[in-house]
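Let's take a walk through a protein model together. Have the picture open while you read, and look up each residue as it comes along.

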Amino acid sequence: MQTIEQALEKLSKSKFRRKFQLKETDFQYIERTGMETVRRHAAEFVKERLSPAYPKNDGKQTPMKGHPVFIAQHATACCCRGCLNKWYGVKMGQPLSEMQQQKIVNLLIAWIQKQLEQHNCNVFVKEQKNCEKIII
C-alpha cells in the first residue's frame, strides 16, 4: 500500500498525468468557494461517478475541464475504474468501499493542495520581482 506522497511521486513521472495543471480560473474558484466545498464536491463526484461497480459511461465519466476536482482526477489517475485498476489495483466490477472512496478523495485534495502551494509560490515570486522593479 502506497502513501499519498508515493502516489504523487509516481504520478509525477508520467508524461500524460503531469500535463494536467490547474488554471487561474480553478484557483479563483477554490478561493471563492473554499477547500471544504471542494472536498465535499470531490466526495460527491467519487461516490456518484466512481464508486458503483459499473459506473455509467465508465472511461468517459470525468470531464477534462469545468471543476478543479475533474482536473485532479485525471492528474491522479482517479478518473475512471480502468485507471484506478491500472494505477492502484482497484478491482473492476466491485463497488468502492467507503475507505477506498475516502483515500481517493484524500489523494485528490493532496494534489490540489500541491497545485495551490505551487501557484501561491509563483504568485509570491512574481510579486517580489514586481516589487524589485518598483524599488529600483
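Which residues does R39 touch, not counting residues up to four places away in sequence? R39 touches Q102, V105, N106 and I109, where contact means heavy atoms within 4.5 Å. Before going further, a word on the ground rules: this is a predicted model, where local features need pLDDT of at least 70, side-chain atom pairs count only at pLDDT 80 or more, and totals for chains, interfaces and linings use all residues. Residues are numbered from 1 along each chain as its sequence is written, and side-chain values use heavy atoms, with hydrogens and water left out.

**The overall layout**

The protein chain has seven helices and zero strands. Here helices (H or I, at least four residues) and strands (E, at least two) are DSSP runs, numbered from the N terminus. Read from the N terminus on, the elements go α-α-α-α-α-α-α. Of the 136 residues in the protein chain, 41% are buried; buried means under 20% relative accessible area, exposed means over 50%, and partly exposed is in between (1.4 Å probe, protein chains only). Take the contacts in the protein chain between residues at least 6 apart in sequence: 67% of them join residues at least 24 apart.

R39 sits in helix α4, and its C-alpha is 7.1 Å from that of V105, although R39 and V105 are 66 residues apart in sequence. Another such pair is E24 and H119, 95 residues apart in sequence and 8.9 Å apart in space, C-alpha to C-alpha. E24 belongs to helix α3.

| Residue | Relative accessible area | Class |
|---|---|---|
| R39 | 26% | partly exposed |
| E24 | 44% | partly exposed |
| Q115 | 7% | buried |
| T76 | 0% | buried |
| A77 | 0% | buried |

Q115 is in helix α7 (residues 98–135). Leaving out residues up to four places away in sequence, Q115 touches Q21, L22 and F27. T76 is in the loop between α5 and α6.

**The nonpolar core**

Which residues touch the most other members of the largest nonpolar core? They are V38, L108, W111 and I112, out of 37 residues in that core. A nonpolar core is a set of buried Ala, Val, Leu, Ile, Met, Phe, Trp, Tyr and Cys residues joined through side-chain atoms within 4.5 Å. Two or more residues of this core come from each of α1 (4–12), α3 (24–33), α4 (35–50), α5 (68–75), α6 (81–88) and α7. The most come from α7, which gives nine residues. As for V38, not counting residues up to four places away in sequence, V38 touches Y29, I30, T33, V69, I109 and I112.

**How the helices pack**

Start with α3 and α4, which pack at an angle of about 105 degrees, with their axes 6 Å apart. Axes are lines fitted to C-alpha atoms, for helices over the stretch in contact, and angles run from 0 to 180 degrees between N-to-C directions. So α3 is roughly perpendicular to α4, since angles under 35 degrees count as roughly parallel, over 145 as roughly antiparallel, 65 to 115 as roughly perpendicular and the rest as oblique. Y29, I30 and T33 of α3 meet M35, T37, V38 and H41 of α4. These residues divide into four nonpolar, three polar and no charged. For that count, Ala, Val, Leu, Ile, Met, Phe, Trp, Tyr, Cys and Pro are nonpolar, Asp, Glu, Lys and Arg are charged, and the others, Gly among them, are polar.

Now α4 and α5: they pack at an angle of about 60 degrees, with their axes 10 Å apart. That makes α4 oblique to α5. V38, A42, F45, R49 and L50 of α4 make the contact with V69, F70 and Q73 of α5. This contact divides into six nonpolar residues, one polar and one charged.

Most residues other than glycine have a negative phi. N57, in the loop between α4 and α5, has a positive phi near 55 degrees without being a glycine. A77 is not a glycine either, yet has a positive phi of about 60 degrees; look for A77 in the loop between α5 and α6.
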